Amino acid sequence: MDLRTAGMSAGMKEKRFKTRSEAGTLAMGERVAEMLLPAPKLIVLRGDLGAGKTTLVKGVAAALGAAEAEDVTSPTFTLVHEYVGPRVRLYHLDLYRLETERELLTLGLEEMAEEADALMLVEWGEKFPSVVERADGEIAIEHAGGDERLFLVRVGRSA
Ligand code: ADP
Ligand code: MG
């Protein structure tokens with residue numbers, strides 16, 4: 001599924017947000033979290049290094065009661081972190097360091113996705129066709145100068 005070109009369907013939600021600080025992005029997590037429920041879902045987080053992908057996950061995890069924002073750290077080296085909240089089991093993945101679909105297999109995405117309350121937020125997920133195919137949406141983040149960031153949140157299947 002290519003969310004950039006897919007036509008909007010009835011079940012598709014799309015929203016744009018703009019923040020001007022890290023704190024702003026953390027606070028925005030609440031509104032984004034609403035769009036990501038109900039689980040299970042897999043969402044690809046797109047954006048350059050330093051765009052704010054991990055910061056957004058902190059905000060979403062806090063909003064869902066899965067973790068305190070400061071306890072959410074980048075899974076750049078650990079690849080996946082899991083936080084359990086009342087409504088979701090949040091899996092935060094960072095595939096930056098993975099190169100092949102074969103390496104990806106060892107992560108056990110299939111098993112995670114089978115859990116009814118799984119909310120998988122995947123940084124650099126767009127690198128892997130197998131991840132894009134199973135995605136329920138994406139959040140694209142762009143630098144807009146200084147500390148400004150633009151967020152385009154698209155959730156829902158187009159087919
Ligand atoms: P990524 O996971 O996309 O590589 P991070 O969330 O780890 O990005 O880092 C974002 C960096 O940008 C942090 O150092 C943060 O303080 C800074 N920053 C500045 N403005 C913002 C903003 N509006 N939203 C999010 N992060 C911001
Ligand atoms: Mg990150």
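1. Helices (H or I, at least four residues) and strands (E, at least two) are DSSP runs, numbered from the N terminus. The model is predicted: local features need pLDDT of at least 70, side-chain atom pairs count only at pLDDT 80 or more, and totals for chains, interfaces and linings use all residues. Residues are numbered from 1 along each chain as its sequence is written, while chains are lettered from A and ligands numbered from 1 in the order in which they are written.

2. The shell around ligand 1 draws at least two residues from helix 1 (22–36) and at least two from helix 2 (53–63). Ligand 1 has 18 residues around it. Gly-52, Lys-53, Thr-54, Thr-55 and Asp-147 come nearest (near: C-beta atom, placed from the backbone, within 6 Å).

3. By class, the shell of ligand 1 holds ten polar, six charged and two nonpolar residues. Asp, Glu, Lys and Arg count as charged; Ala, Val, Leu, Ile, Met, Phe, Trp, Tyr, Cys and Pro as nonpolar; the others, Gly among them, as polar.

4. Seven strands form an open sheet with mixed pairing, in the order 1-7-6-2-5-4-3. Pairing requires at least two DSSP bridges between two strands.

5. Strand 3 and strand 4 (residues 89–94) pair in the antiparallel sense, over five bridges. Val-84 has Arg-89 of strand 4 as its bridge partner.

6. Helix 1 packs on the sheet. It touches strand 1, strand 2 (41–46), strand 5 (118–123) and strand 7 (149–155) (contact: C-beta atoms, placed from the backbone, within 7 Å).

How values were computed
Two residues are in contact if their C-beta atoms, placed from the backbone, lie within 7 Å. Axes are lines fitted to C-alpha atoms, for helices over the stretch in contact, and angles run from 0 to 180 degrees between N-to-C directions.
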